[in-house]
Amino acid sequence: MTALDTHSRTAFDEKAAEVFAGRVATILDDGAIAVMMALGHRAGLFAAMADAPPSTSSAIAERAGLAERYVREWLAAMTVGRIVTYDLQAGTYTLPAEHAACLVDGAPLGNFAIYAQHVALLGAVQDRVLRCLRTGEGTAYGDYPCFHQIMAEDSAQTVGGALFDAVLPLAEGLVDRLEQGIDVLDAGCGRGGVLIALAERFPRSRFVGYDLGSDAIAFARERAEAAGLGNVRFEARDLTGFEEPGSFDLVTSFDAVHDQKDPEGLVRGIRASLRPGGVYLMQDIGGSARLENNLDFPMAAMLYAISCAHCTPISIGQGGPGLGTMWGWETAQAMLERAGFAAVERHVLPHDPMNVWFVART
Ligand SMILES: C[S@@+](CC[C@H](N)C(=O)[O-])C[C@H]1O[C@@H](n2cnc3c(N)ncnc32)[C@H](O)[C@@H]1O
């Protein structure tokens with residue numbers, strides 16, 4: 001049977017049921033490991049184990065500044081999950097270099113433990129989402145503990161890590177214009193990490209970030225101030241009905257359109273806010289609007305789960321359409337074209353197959 005099977009079944013297939021039960025057991029194990037991976041990331045345990053010699057639970061706990069009893073239990077979960085190895089005789093644990101290669105900040109393959117935090121968050125908000133399922137109501141950002149922190153880590157990796165080498169070069173001539181000095185808006189900037197990196201790199205340009213979340217904006221302001229930046233400002237504001245005609249040369253949005261109350265209105269407002277020759281650089285989730293196209297899309301199950309528990313209810317909670325995380329690149333592209341952009345290019349960057357990048361020009 002395939003995920004898109006259309007045949008009605010007649011006889012109960014015992015073998016298929018057994019195989020499926022085995023798969024469910026694996027899902028339970030893997031789901032638990034994902035939550036423990038998020039915990040290990042937040043507690044600094046992967047960082048404490050990377051590049052370290054085989055170590056006892058006491059040594060690891062001491063290095064991470066944590067309580068040994070809990071660390072030992074976490075290590076047991078990681079050992080049976082085949083994330084760390086355990087030397088029975090020496091009583092030591094090791095995070096193999098090949099595993100650290102995708103589990104610590106700055107690792108060559110990226111830090112997947114950052115994404116594991118999304119899985120942990122799904123569990124944390126289950127009661128709230130259950131209420132949404134029963135009533136049809138939506139949620140608010142305040143319902144999601146640590147959301148802006150997780151999102152900031154996520155985008156620091158997927159956007160920030162490739163900003164100068166891969167993202168900005170998508171729009172020909174953009175780096176030169178940023179160096180000369182232009183006006184830039186980041187719509188739905190969250191904690192502002194990307195904008196701050198741009199403001200540091202291009203001192204002649206002027207940057208502004210808008211976001212609904214006043215806590216995220218307060219964080220961004222503090223960081224900008226600590227970095228001594230005079231060319232970036234952040235404002236807490238609802239982008240519903242956004243109108244600042246002819247104000248910017250570049251507008252960016254990183255994973256910030258589909259959650260909105262009025263995604264279409266925002267894209268239209270962004271088009272109108274651009275001066276002649278202006279560019280809209282839009283990153284969003286790169287899945288298709290059609291379920292049947294997403295069966296092999298990277299981490300599609302996690303993305304649909306995030307959609308069900310976060311992106312869809314967040315939009316509905318604002319009075320929006322609830323497009324969801326997997327609203328699809330087709331939907332985004334059609335929205336950009338309807339907004340009147342003269343040219344819309346679509347790209348997928350090799351380091352980040354989950355997202356799509358649009359370069360839309362006035
Ligand atoms: C998935 S997060 C992305 C944040 C940021 N761009 C990043 O990459 O880390 C979506 C952002 O859109 C913001 N947002 C959602 N609805 C909004 C609205 N109506 N007006 C302004 N910002 C909104 C949220 O507060 C959130 O920070």
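1. Let's start with strand β3, residues 183-187, in this predicted model. The strand is mostly covered, and five of its five residues count as buried. Look at which way the side chains go: Asp-183, Leu-185 and Ala-187 point one way, while Val-184 and Asp-186 point the other way. Both sets are buried, where buried means under 20% relative accessible area.

2. Who sits beside β3? One partner is β4, residues 206-211, which runs parallel to β3 and is joined to it by five bridges. If you want a spot to check on screen, find Ala-187 and look across to Tyr-210 in β4, which stands opposite. To get from β3 to β4, the chain passes through helix α11, residues 193-201. That makes a β-α-β crossover, and it is right-handed.

3. β3 also pairs with β6, residues 248-254, again in the parallel sense, this time over three bridges. Two pairs are handy landmarks here: Asp-186 has Thr-252 as its bridge partner in β6, and Val-184 has Leu-250.

4. Now zoom out to the sheet. It is an open sheet of seven strands, in the order β5-β4-β3-β6-β7-β9-β8, and the pairing is mixed. At the edges you'll find β5 (232-236) and β8 (343-347), each pairing on one side only. Ignoring direction, neighbouring strands are turned by 15° against each other on average.

5. Which helices pack on this sheet? One is α13, residues 263-273, touching β3, β6 and β7 (274-285). The direction of α13 makes about 150° with that of β7. Another is α15, residues 329-338, which touches β7, β8 and β9 (355-361). Here the angle is about 10°, taken between the directions of α15 and β9.

6. As a rule, an α-helix has 3.6 residues a turn, so residues three or four places apart point the same way.

Terms used:
Residues numbered from 1 in each chain as written. Predicted model: local features only at pLDDT ≥ 70, side-chain atom pairs only at ≥ 80, totals over all residues. Heavy atoms only, no water. Buried < 20%, exposed > 50% of the residue type's maximum accessible area, 1.4 Å probe, protein only. Helix = DSSP H or I, 4+ residues; strand = E, 2+ residues; numbered from the N terminus. Pairing = 2+ DSSP bridges. Right-handed = clockwise from strand over helix to strand, strands pointing away. Axes fitted to C-alpha atoms, helices over the stretch in contact; angles between N-to-C directions. Contact = heavy atoms within 4.5 Å.
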